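Here is a quick tour of one chain, written for someone who likes to know the cut-offs behind the words. Have a look at the sequence and the model, then read on.

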Amino acid sequence: MKTYRRWLAGFLGLVLAGLLAAGALVVWVDPFFQYHKPLSWFPYLVDNQVNQNPGLARHMDYDAVLIGSSMTASFNTDWFDELMGLTTQKLSYNGSYPKDLANIMELVFDAKKDGVRAVFMAADQSTFSADPEETKFPVTDYLYDRNVFNDVAYLFNKDVILDYILRPLADPGDASDWSELYRPWWTDEYYTKANVLMYYEPMEELPASEEKPADYFLEAVEKNLSRNICPYIEAHPETEFYIFYPPYSILFWNDVVRDRELEAVFGRLEYMTERLLAYDNVQVYCFLDETGIIGNLNNYADYMHYHKNVCRYLTECFADGCGRLEKDNYRERFAALKEFVQNYDYESIWDDWYDAAPRFGTE
């Protein structure tokens, strides 16, 4: 019996020692950045937005953030330093809803008690019609709160140890570039009209009688702005908010027209813009009407996601004010865009499947 007890005590001791070693390893490397900044020598793999963004928001050195959906993923944050003198942290959430933006802004402003100089936010206006409490992915509570007692799910997580500590050590070539976090997997050869059209399926065309009115989305948009966006703008007058409408391709507008949402989409755009321009610390940029970009499908990997050259151009616009909406011009800009997409010859898109038009920024 004594031998059995000694054996059991020894076994439990080994298990406990193993657990303590595993937990200590996670704390030391901290691949989700819950306790400290990244170690200078470790080849971190940063590819898990939901679980790694909270730690990045708390512990990285920055005075500006880039937030939003995959419409922000192809930006290089070094550009913001080069053009605007801003040390910018990318905190993207693919497919994010306004509640996702609120969740990360809560962490940013909690971490930076003196505020940040700038927030660059991609406003996918369709998501502002969602339920104001809806998120793209379930929030991992123990990574978003400050309660260290529930971190056991992080400290003793097999996937964290294998995929985010041992795997990067075994193959450091997979380490993430800090200036291009969450960069899409598409390489240049995927940004072609032929590739876009290969996978694009137009929306079913509804009868004209089903056209949605201009106020169709406004109740949900008002709730999302009031609960998830405007409180942070109002609470942080020291921060300049650069909110932009990304340049979706002409195929996005084809779907809008076929789905009979044209009036509703422009009603939503006008309402959002009017609300946001009421704040002195908000700049609103519209890139939806960049016809030279949206009409050339060689700028895209699918019907919405644009090349990094376009992202560079958007960053230059933030720096020099090009494309900025003002109280006295936004209705005119939207009216011109509406006329353009209403009268566009969408059937002609398929006429030249292998269009060799140069990608934006490569002329």
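The notes below go from the overall chain to surface patches, salt bridges, a few tyrosine surroundings and the backbone.

## Ground rules

This is a predicted model, so to speak: local features need pLDDT of at least 70, side-chain atom pairs count only at pLDDT 80 or more, and totals for chains, interfaces and linings use all residues. Residues are numbered from 1 along each chain as its sequence is written, and side-chain values use heavy atoms, with hydrogens and water left out.

## The chain as a whole

The chain has 14 helices and six strands. Both are DSSP runs numbered from the N terminus, with helices being H or I of at least four residues and strands being E of at least two. Along the principal axes, the C-alpha trace spans about 90 × 45 × 45 Å. Of the 363 residues, 52% count as buried; here buried means under 20% relative accessible area, exposed means over 50%, and partly exposed is in between (1.4 Å probe, protein chains only).

Areas come from the Shrake-Rupley method with a 1.4 Å probe, and for residues only the protein chains shown count as cover.

On the charge side, the chain carries 31 positive and 59 negative charges, and their mean positions are 9 Å apart. The count takes Lys and Arg as positive and Asp and Glu as negative, leaving out His and the chain ends; each charge is placed at NZ of Lys, CZ of Arg, CG of Asp or CD of Glu.

Trp-28, Trp-41, Leu-162, Leu-166 and Leu-169 make a nonpolar surface patch of about 530 Å². Patches are built from residues with over 30% relative accessible area and no salt bridge, joining like charges within 9 Å and nonpolar side chains (Val, Leu, Ile, Met, Phe, Trp, Tyr) within 5 Å. Helix H7 (residues 158-170) gives the most to this patch, with three residues. Trp-28 comes from helix H1 (residues 2-29), and counts as partly exposed at 49% relative accessibility.

The other patch is one of negative charge, where Asp-345, Glu-347, Asp-351 and Asp-352 gather on the surface. Asp-352 sits in the segment after helix H14 (330-343) and is partly exposed, with a relative accessible area of 39%.

## Salt bridges

How many salt bridges does a search of the whole structure find? It turns up 19, a salt bridge being a side-chain nitrogen of Lys or Arg within 4 Å of a carboxyl oxygen of Asp or Glu. One of them joins Asp-110 and Arg-146 (3.1 Å, N to O). This pair links distant parts of the chain, 36 residues apart: Asp-110 is in helix H4 (residues 98-111), and Arg-146 is in the loop between helix H5 (141-144) and helix H6 (152-155). Asp-110 is partly exposed at 28%, while Arg-146 counts as exposed at 58%.

Asp-289 and Arg-333 also meet in a salt bridge (2.6 Å, N to O). Asp-289 lies in the loop between strand S5 (282-286) and helix H12 (291-294) and Arg-333 in helix H14, so the pair ties together parts that are 44 residues apart in sequence.

## Two tyrosines

Tyr-190 is in the loop between H7 and helix H8 (193-199) and is partly exposed, at 31%. Leaving aside neighbours within four places in sequence, Tyr-190 is in contact with Trp-185, Asn-195, Tyr-300 and Ala-301.

Tyr-216 is placed in the loop between H8 and helix H9 (218-235) and counts as partly exposed at 47%. Tyr-216 and Ala-264 are 48 residues apart in sequence and 5.6 Å apart in space, C-alpha to C-alpha.

## Positive phi

Most residues other than glycine have a negative phi. Phe-33, though not a glycine, has a positive phi of about 60°; Phe-33 is in the loop between H1 and helix H2 (49-59) and is buried, at 1%. Arg-260 has a positive phi near 60° too. Arg-260 lies in the loop between helix H10 (250-258) and helix H11 (262-276), and is buried with a relative accessible area of 16%.

Conventions:
Contact = heavy atoms within 4.5 Å.
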